[in-house]
Protein chains: 2
Amino acid sequence: MINRRVVLAAHVSGMPRESDFRIDAVDQPPPGEGEVVVRNHYVSVDPGMRGRLSGEASYTAPVPLGDVVGSATVGRVIASNNDAWPVGEWVAGAFGWQELGLSPGGRGIRRIPEGPIPPSAHIGVLGIPGLTAYFGLLDIGQPKPGETVLVSTAAGAVGSAAGQIARINGASTVGIAGGQAKCRWLTEELGFDAAIDRLAEPDMAAAVARECPDGVDVFFDNVGNSLIDPILPLMRQHGRLVISGQTADYNLGREERVGLKNTRSFITARLKMQGLVVFDYAREFSKAWTELTGWIQDGRLKYREDIVDGLESLPAAFVGLFQGQNFGRKLARLVS
Amino acid sequence: MINRRVVLAAHVSGMPRESDFRIDAVDQPPPGEGEVVVRNHYVSVDPGMRGRLSGEASYTAPVPLGDVVGSATVGRVIASNNDAWPVGEWVAGAFGWQELGLSPGGRGIRRIPEGPIPPSAHIGVLGIPGLTAYFGLLDIGQPKPGETVLVSTAAGAVGSAAGQIARINGASTVGIAGGQAKCRWLTEELGFDAAIDRLAEPDMAAAVARECPDGVDVFFDNVGNSLIDPILPLMRQHGRLVISGQTADYNLGREERVGLKNTRSFITARLKMQGLVVFDYAREFSKAWTELTGWIQDGRLKYREDIVDGLESLPAAFVGLFQGQNFGRKLARLVS
């Protein structure tokens with residue numbers, strides 16, 4: 001079998017470019033003893049992958065040139081030498097931007113439960129983005145009923161889940177998103193109490209102060225320092241900042257990055273700021289899946305996918321993430 | 001009676017100057033019903049007071065021009081119209097930089113237990129500095145045996161207590177202080193594992209990396225952003241930063257302040273940074289006093305006082321705090 005892949009052609013410097021990637025094709029031999037071959041139906045496009053593409057060390061190893069770009073994947077077993085993983089079964093994995101994935105002995109794949117929730121959701125609202133929202137908000141943010149939770153990139157996969165989970169927990173929720181369509185979706189479909197269109201607000205501190213007149217108890221952020229700094233003085237006493245992602249900072253060198261200067265609030269308002277890597281919560285994923293699935297089924301947790309078609313679309317889709325072009329969980333569909 | 005006081009002559013802008021203060025004298029009438037008059041024997045000189053002297057809002061109200069500069073005080077009742085507070089009793093209070101203090105009905109004063117610990121320690125290692133070290137380190141820093149705790153302004157009242165409490169809890173402790181004498185005191189008298197002389201180290205990140213070769217688990221800081229930023233990349237996984245004070249930032253306007261740029265570590269190393277105001281722990285002070293007193297008595301918690309004489313010495317002593325001139329808890333003795 002031929003396996004087409006998107007590989008790293010050049011280490012990314014600054015904003016990613018389509019030319020940082022290229023497509024190649026390699027042979028995928030039939031499965032050896034215990035091995036399972038999966039055809040990926042959907043692969044994810046994640047801003048968090050940016051860190052690994054520059055060649056600098058992060059919490060995961062950098063991607064070498066010529067290697068497949070990593071991502072979450074969902075697909076079906078198409079060849080198996082392992083009775084536990086029959087052909088036809090749906091599985092989620094992390095095979096990256098390629099048509100096929102090989103699992104030795106079932107390692108790195110998990111069975112997708114049958115049911116009304118479509119397979120792609122298992123790498124979205126039930127995958128890393130949904131789990132990041134769940135643990136970041138509930139373990140670090142710990143919103144209490146009546147508190148105000150502010151969420152950035154609120155129309156994205158992580159932010160939209162974080163805001164809805166805050167609402168389910170009784171908090172008032174305000175989202176920041178780019179454009180009127182996203183903002184309407186937040187307030188009209190997802191039940192956010194207010195939405196701030198960052199494209200229409202020249203002064204973000206003023207906009208947040210207007211929509212959060214009592215201040216912000218929990219700020220769940222996926223943007224980075226340029227957004228955190230103006231919001232620090234608006235945090236309420238004992239406020240919590242959840243550093244879930246740093247999308248705007250990934251592409252900036254140290255000198256270009258905005259520094260946090262409004263740090264006096266850490267003492268005057270007794271703030272806590274904490275980052276997370278969701279894999280630290282792996283032992284609690286089952287509990288989260290059960291709860292998230294329940295919320296999806298009773299209509300309290302909605303999600304949206306933003307799907308492009310084909311491996312060829314992936315580089316442009318990745319570049320577009322950093323220009324605010326996605327509206328929901330960005331995925332590429334490889335099998336139609 | 002005449003009560004001489006140091007009052008605020010001008011709101012402090014940038015580095016404090018002696019001319020920001022002046023001495024006046026007011027009449028102190030005899031105590032009215034239930035009132036208690038205290039003669040202050042020692043008053044404290046605290047960097048944290050800087051925030052209230054600029055006229056900007058902080059977690060406490062700003063000091064109006066002409067008002068007494070606030071501080072902790074310890075002294076004896078010299079006139080009383082309250083049977084619960086007899087003349088001669090030692091009490092700690094917060095009367096500020098003045099010779100006398102008036103307590104209505106015993107409010108704002110607490111009895112100092114008799115014993116081998118001298119009264120001045122009750123506004124030092126057993127006062128706000130010691131309590132800040134205790135709760136900041138144990139509640140936010142939470143050092144575990146074998147972890148590395150880095151402490152800045154380590155020869156100061158808060159830092160020296162924080163480092164020793166970390167050591168008592170089984171952590172390896174490294175202090176940053178200004179000058180060889182302070183560094184020798186840390187390692188030879190207080191049992192710090194290592195000390196870094198900030199006056200002799202052009203590259204603080206390199207010095208910390210050298211003395212903390214496995215990284216820093218807990219950074220207990222009293223300096224501010226200029227020191228935090230180089231240390232962020234040296235924090236170990238799940239590291240904690242305790243924002244106890246921001247001495248270097250108090251005197252800087254927003255534009256002059258160093259911004260935190262090495263914030264990627266918040267995700268890559270899952271860091272937590274949290275500020276504290278010790279009064280939030282007031283209900284737990286008794287427990288802390290018991291434990292701190294035990295450590296002092298069994299010789300595991302040492303402290304040092306840096307005493308000037310007379311009200312007239314206070315403005316210069318305060319200015320000197322921001323030039324690293326103090327070596328231990330800075331106090332002024334008003335009764336010799």
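Predicted model: local features only at pLDDT ≥ 70, side-chain atom pairs only at ≥ 80, totals over all residues.
**Entry 1**

Which residues make the contact? On α2(B) I wrote down B:G130, B:L131, B:Y134 and B:F135, and on α9(B) B:F285, B:A288 and B:L292. I sorted them by class and got six nonpolar, one polar and no charged residues.

**Entry 1: how the chains are related**

Next I laid chain A on chain B. A turn of 180 degrees and a shift of 0.0 Å along the axis does it, with an RMSD of 0.0 Å. That makes the relation a two-fold axis. I then asked which C-alpha of chain A is nearest the axis. That one belongs to A:G259, at 2.0 Å from the axis. Both copies use the same surface, and 100% of the contact residues of chain A recur in chain B.

**Entry 2: where the chains touch**

I went on to the contact itself, which takes 26 residues from chain A and 26 residues from chain B. On the side of chain A, the elements giving two or more residues are α7 (265–268) and β13 (272–275). β13(A) gives the most, with four residues. By class, that side of chain A divides into ten nonpolar, eight polar and eight charged residues.

I followed β13(A) across to the other chain. Three bridges join β13(A) to strand β13 (residues 272–275) of chain B, and the two run antiparallel. What stands opposite A:M273? I found B:M273, in β13(B).

**Entry 3: domains of chain A**

Last, I checked how chain A is divided. The domain assignment gives domain 1 (2–124 + 304–333) and domain 2 (128–279). Taken over C-alpha atoms, the centres of these two domains of chain A are 28 Å apart. I looked up their contact too, and 16 residues of domain 1 of chain A meet 14 residues of domain 2 of chain A. The domain 1 side of that contact has six nonpolar, seven polar and three charged residues.

Definitions and conventions. Residues numbered from 1 in each chain as written. Chains lettered and ligands numbered in written order. Least-squares fit on C-alpha atoms with pLDDT ≥ 70 in both. Contact = placed C-beta atoms within 7 Å. Nonpolar A, V, L, I, M, F, W, Y, C, P; charged D, E, K, R; others polar. Pairing = 2+ DSSP bridges. Domains from an automatic or database assignment.
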